[in-house]
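Dear colleague,

I am passing on the structure below, which you will be seeing without any earlier notes. Please look it over first, and then read the findings that follow.

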Amino acid sequence: MAETEKTLELIKRAQSNDESAKSELVETNSPLIKSVIRRYKNKGVEYDDLYQLGCLGFLKAIKNFSDKFDVKFSTYAVPMIAGEVKRFLRDDGYIKVSRSTKSLAGKISYFIESYSNENSKSPSIEEIAKNFKIESSEVVFALESIKFPLSLYDKTDDENNQSLIDKVACATDTAEDLDKLILKDLINDLTEREKKIIILRYYRDKTQSEVARVLNVSQVQVSRIEAKILGKIKAELSV
């Protein structure tokens with residue numbers, strides 16, 4: 001049975017409350033969940049908690065998925081996983097916005113709406129700042145504090161009440177795509193010196209000796225660090 005067919009069968013079983021199917025899907029897609037939550041490390045939330053949030057988003061993806069969406073399940077699941085973590089960080093996590101800032105943002109939003117209706121154009125940041133007698137930076141901060149990325153699963157206002165993801169056409173979602181996502185996150189987690197070595201070696205095509213001269217270290221050190229990095233990447237990609 002093809003992997004996609006097997007996944008669809010497990011999803012149907014899971015949607016019928018088959019706990020073993022849910023467990024198998026979570027276990028099989030654990031690398032995908034980890035690759036998504038990795039970008040939210042060092043945000044004041046324990047890794048295990050991030051993973052549990054990721055699994056919760058993944059289970060919601062299972063519950064809501066349909067093969068009629070014309071996207072592969074893993075493509076559908078990624079923003080669901082990320083969305084669950086983002087909601088936690090927004091509502092319960094490390095990002096807190098004072099009531100006074102929220103109140104100011106509300107007043108600014110009302111002013112923008114009234115100004116736009118009267119003048120057929122939006123006010124500039126400077127005009128808003130002048131109206132409220134505050135600095136332009138305070139205007140930007142207040143407005144940014146209440147912003148949050150639009151979810152692909154928010155309902156649209158069309159007659160079918162579809163979510164945005166239902167309308168998104170995705171070409172492919174291969175293992176190669178997932179590997180690229182994992183690789184990007186792995187590189188972002190490297191130290192500055194490790195990043196320089198990888199960039200110089202694999203993006204600038206320099207030899208270890210040339211890299212050693214740039215970083216003012218020995219070629220042996222470069223070789224050892226590079227081997228350590230590649231070993232880590234290989235381990236992650238083979239999970």
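**What was found**

In helix H2, the buried residues are Ala21, Leu25 and Val26, where buried means under 20% relative accessible area, exposed over 50% and partly exposed in between, computed with a 1.4 Å probe on protein chains only. Because these residues cover an arc of only 130° around the axis, they lie on the same side of H2, the arc being that of the directions from the helix axis to the C-beta atoms. On the other side of H2, Glu19 and Glu27 are exposed. Helices here are DSSP runs of H or I with at least four residues, and they are numbered from the N terminus.

Please keep in mind that this is a predicted model, in which local features need pLDDT of at least 70 and side-chain atom pairs count only at pLDDT 80 or more, while totals for chains, interfaces and linings use all residues. Residues are numbered from 1 along each chain as its sequence is written, and side-chain values use heavy atoms, with hydrogens and water left out.

The largest nonpolar core has 29 residues, and those with the most contacts inside it are Ile33, Phe58 and Phe73; such a core is a set of buried Ala, Val, Leu, Ile, Met, Phe, Trp, Tyr and Cys residues joined through side-chain atoms within 4.5 Å. At least two residues of this core come from each of the helices H1 (3-15), H2 (19-28), H3 (30-37), H4 (47-64) and H5 (73-91), and the largest share, eight residues, is supplied by H5. Apart from this core lies another, of 13 residues, among them Ile197, Leu215, Ile225 and Ile229.

Leaving aside residues up to four places away in sequence, Phe58 touches Leu25, Val26, Asn29, Ile33, Phe73, Ala77 and Ile81, a contact meaning heavy atoms within 4.5 Å.

A search of the whole structure finds five aromatic pairs, counted when the ring centres of Phe, Tyr or Trp (its six-membered ring) lie within 6.5 Å, with planes under 30 degrees apart called stacked, over 60 edge-to-face and the rest tilted. The rings of Phe65 and Phe73 have centres 5.3 Å apart and planes at 80°, so this pair is edge-to-face. Phe65 and Tyr76 also form an edge-to-face pair, at 5.4 Å centre to centre and 65° between the planes. Since Phe65 lies in the loop between H4 and H5 and Tyr76 in helix H5, that pair ties together parts 11 residues apart in sequence. Phe58, Phe65, Phe73 and Tyr76 form one aromatic cluster.

With best regards
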